[in-house]
Amino acid sequence: MDARSVESATSPNPLGAAPVRSEGATSETTAPEPTARTTPARIALVGVHGFGVHHLHNLERLRAEGLVDLVAVADPNPPAAGSLPETTAVHSNLEGLLAGNHRPDVIIVATPIQTHAPLALSVLAARADLYLEKPPVASMKDFLRLQEAASAAGRSVQIGFQSLGSHALTALEKLAQGQSTAELPRIGTLKGISATGRWVRDRAYYKRSRWAGKRSLDGVDVVDGVATNPLAHAIATALRIAGARHAGDLASVDTDLYRANDIESDDTSVIRMRTTAGLPITCALTLCAAESVEPYVTLHGTEGTAVFQYTEDRVTVRTESGETSHTFGREDLTANLLKHLSDGTPLLSPLDHSGAFMRVLEAIRTADAPALIPTESVVWVGTGDQAHAVIPHIEDILDRATSAHATFAELGFPWARAVTSGAHALFTSPAEPATPAAVLRSGRGLERELSPRPYLHPVSTQAGIVVTDHLASDHAWHLGTGFALQDVNGSNFWGGRSYRRTAGKYVDLNDHGRVDIVGVTRGGGHAALDLEWFGADGSLLLEERRTFNRSLVSPSTWRLDIQTQLTAVVDVTLGSPGSHGAAGSGYGGFFWRLPANSSPRVFSSTAEGESAVHGSVSPWLAWSGEFDGGPATLVFGAPVESPDPWFVRCSGYPAVGSALAWDSAVELARGTSLARTNTVWISDGSLDVDEIEALVASR
């Protein structure tokens, strides 16, 4: 639905629109009074190739129903013989069509993006109602001009976001409000919306026209990127469900734009928005997938999710009770425009409701040029013009972005832009001073349900193998390595759902706290953080002094000592899911999330394997595996202050923790402190038990 091939080799305005100025108009469109129709509506189509072909087929269907008469078309390239009714006049441009005295009631414009503004203004000046393909125009300035012109002319304008004709939207808007429908169960309180698009576009796609993949052409804005043209429906649909119709409905828009193809615009991007009501909306889109998948918008609720595959009008709701799917019908936008003109039926995609989308397009238009993804991070599949770029693991990458409402830069992928704030090298490698051995991230800017807090990521071996992970698609709140607790006086400092004994399960609560950095000191192989723990209600519960010490053990091994000292500002109870009755889930305290690794081996001095070491108490626990970059081993030394049980996950996801409150809460009176010191040896290669014992003995 994104191909528009109508263009001229010499002019960005090939269809000959006359310049139009609208003055004194208001910003809201004033539609004419509906007029009951007894004869077919007279339709003209500008642009008969590309997506114009879709309109030709649709108009033929409507003509067969006696609803329309295609009186004229305009295109610099003549339409194929036999593709039009014999009575349809053919012109080479809009100027000729308007001079032809065809008296069209509605003119459909399905032309290159950069021609939308001048053509639409000419249509309105001719006092015709307008169907304008998406995106409406290529800048907010032109959008405001178009609104003024529509109001001054008193004409109706429908924008071609076909997905907005889906009957599913009514049901989804009810789900977003916490309601159920006749077809779908409720998903609870809406926490956020995401959209995911994974399509394949080959080199030929970007050679189909002069404007394809351009940010501008001959000095005229085009903005033909993944988010503004091929997958624009994903953004428009997500905004509609969120109730964001006007530019003022969005509090913020962040863009993170990339390109793997030899183009100007983006082919892989994250667009992150937040409504004025505080709802996060994140769209992660690419044209560099291994295979095309139908795009979808996901509503994330406290009791489940609703996935809307908008090209198929199908909604799938998943809750604890199971899965429910329903396929809805769809209203054609051209037919809707005709009903609007004849009996006042509301437009499904009116111009004025594209304001929020145009706010997004303007952010993309004015953003820095998309960053080129290095060739080593792209795989080309096929040959010649049929070759298409594939970004390895792009499926997981997009899932990570949407689950954490994070940009590619914040996720820290090797090909992404460097984060300019909130991340600083804590230690560098003596062998390669320019390469950080550990990066401290403040956690500021993370979504509230992730329990924002400082953590280390990436942490690397001497050879540069990364051995931490963060914002994983399975548990977005797993943040590298650090210290976190799921329950402090009822506030969740871990992220995600909270386990409650009264419910007997994990429940989605608005109970997340945050940990702020109030001071940092560093020097050589030492760093210290002064931290404050604020509960869900904003009250200060704990103060923490966290220290990091780095020492080089050998050319292949370095040691990281992490000590935390918590001081209670008020009487506090430090708990975990285990202390709330979730047997075997006593996580909380020191925690290390590992990246995916093959052939993992987890063992201690007394046991081997996940089930054997999980919940055990031993002086050390080791994890070895084949990581991206080579084999590595992590040896975790138990805290010297207390024999806390080990929390280990291997089969579901890779992680190791030292559990502070395994099966019972820890009480800490106001003014008293608790300390834990964990040591981790980070080594290239695989270590055997004797080598590990030697490391631990040197502690």
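**Notebook: charges and cysteines**

I looked up Asp385 and found a salt bridge to Lys207, with the closest N and O atoms 2.7 Å apart. I note that this is a predicted model. The pair links distant parts of the chain, 178 residues apart. I placed Asp385 in the loop between strand S18 (379-381) and strand S19 (388-390). Lys207 sits in the loop between strand S7 (190-200) and strand S8 (216-217). I then checked accessibility. Asp385 is partly exposed at 31%, and Lys207 is exposed at 56%.

**Other salt bridges**

How many salt bridges does the structure hold? I got 34.

I turned to Arg272 and Asp254. Their side chains form a salt bridge, with an N to O distance of 3.3 Å. Arg272 belongs to strand S11 (residues 268-275) and Asp254 to strand S10 (residues 250-259), so this pair ties together parts 18 residues apart in sequence. Is Arg272 buried or exposed? I read a relative accessible area of 13%, so Arg272 is buried. Asp254 is partly exposed, with a value of 31%.

Lys339 is partly exposed, at 39% relative accessibility.

Next I looked for shared partners.

**A negative patch**

Which residues form a negative surface patch? I listed Asp688, Asp690, Glu691 and Glu693. I followed up on Asp690, which lies in helix H12 (residues 689-697). Asp690 is exposed, with a relative accessible area of 61%. Patch members need over 30% relative accessible area and no salt bridge, so I do not expect to find them among the bridges.

**Cysteines**

I searched the whole structure for disulfides and found zero. A disulfide would need the two sulfur atoms within 2.5 Å. Cys288 is buried, and I read its relative accessible area as 0%. Cys650 is partly exposed, with a relative accessible area of 21%.

How values were computed:
Residues are numbered from 1 along each chain as its sequence is written. This is a predicted model: local features need pLDDT of at least 70, side-chain atom pairs count only at pLDDT 80 or more; totals for chains, interfaces and linings use all residues. Side-chain values use heavy atoms; hydrogens and water are left out. Patches are made of residues with over 30% relative accessible area and no salt bridge: like charges are joined within 9 Å, nonpolar side chains (Val, Leu, Ile, Met, Phe, Trp, Tyr) within 5 Å. Accessible areas come from the Shrake-Rupley method with a 1.4 Å probe; for residues, only the protein chains shown count as cover. A salt bridge is a side-chain nitrogen of Lys or Arg within 4 Å of a carboxyl oxygen of Asp or Glu. Lys and Arg count as positive and Asp and Glu as negative; His and the chain ends are not counted. The place of a charge is taken as NZ of Lys, CZ of Arg, CG of Asp or CD of Glu. Helices (H or I, at least four residues) and strands (E, at least two) are DSSP runs, numbered from the N terminus. Buried means under 20% relative accessible area, exposed over 50%, partly exposed in between (1.4 Å probe, protein chains only).
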